[in-house]
Amino acid sequence: MLSDLLDNNKAWADRMEAEHPGFFKQLAAQQKPEYLWVGCSDSRVPANEIVGLLPGELFVHRNIANMVLHTDLNCISVLHYAVEVLQVKHIIVCGHYGCGGVAAALGNKDLGLIDNWLRHLKDIGYSNREILSTQENEQARVNLLCELNVQQQVANICRTKVVQKAWKKGQDLTVHGWIYSIEDGVIKDLQVDVKDFDAMPDIYCVE
Ligand code: CO
């Protein structure tokens, strides 16, 4: 029942206020999150909950298959606000194994409008077709592409003007690639952190 959601909300707000007196009043005055989360829209991967953060601690952008595309004004605007105004110190791209978007991109079905979005995943799959073809089954191919996608999105974030400008100013900003397992609730760090221009291919550098 939809009304249950509103009842749940009231109970949650009362509980939060009881546990942390003045919590909402303080948050209403300002937000100062240290993290930007870029995750999948999948209902099984709720950002704040899986990393134990409270309201005010995580700035969030979610879309199908946690992608950062330079022509996506929504995502780039979130990134811009997070880096320039909120001055987050960490940007976390968190993919998840068994991602439906990634699985769909490895198939050939006509799914309609979403094919245009999934096309970016196909490009990553095609660039990595050799390693993907060595996987023993479809599930392993999907999971490997989930990881490769996270790595590509970390690179895409680093290649934005927003992030490069921040690094040029000496802002402390690290981009991380993580992946979540829906099967056990555990996040794995893919160890692909980037915090400066060092590994940036020249063609993506902004003067
Ligand atoms: Co997903």
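A residue is called buried when its relative accessible area is under 20%, exposed when it is over 50%, and partly exposed in between, using a 1.4 Å probe and protein chains only. The structure examined here is a predicted model, in which local features need pLDDT of at least 70 and side-chain atom pairs count only at pLDDT 80 or more, while totals for chains, interfaces and linings use all residues. Residues are numbered from 1 along each chain as its sequence is written, and side-chain values use heavy atoms, leaving out hydrogens and water.

Helix α9 (residues 161–168) is a friendly place to begin: its buried residues are Val-162, Val-163, Gln-164, Ala-166 and Trp-167. Helices (H or I, at least four residues) and strands (E, at least two) are DSSP runs, numbered from the N terminus. The buried residues of α9 pack against α4 (73–85), β3, α8 and β4 (174–180). Just after this helix, Gly-170 has a positive phi of about 85°.

A nonpolar core is a set of buried Ala, Val, Leu, Ile, Met, Phe, Trp, Tyr and Cys residues joined through side-chain atoms within 4.5 Å. The largest such core has 43 residues, and those with the most contacts inside it include Leu-36, Leu-79, Ile-91 and Leu-173. Two or more residues each are given to this core by β1, α4, β3, α5 (100–105), α6, α8, α9 and β4. Helix α8 provides the largest share, 9 residues. With contact meaning heavy atoms within 4.5 Å, Ile-91 touches Leu-36, Val-83, Val-163 and His-176, among others, when neighbours within four places in sequence are left aside.

Where is the cobalt ion held? Its coordinating atoms belong to Cys-40 (SG), His-96 (NE2) and Cys-99 (SG), at 2.0 to 2.3 Å. Donors are N, O and S atoms within 2.8 Å of the metal (3.2 Å for Na, K and Ca), and sites may look incomplete because water is not among the atoms. In sequence, the donor residues follow the spacing C-x55-H-x2-C. Cys-40 lies in strand β1 (residues 35–40) and His-96 in strand β3 (residues 90–96), so this pair ties together parts that are 56 residues apart in sequence. Cys-40 is buried, with a relative accessible area of 6%, and His-96 is buried too, at 1%.
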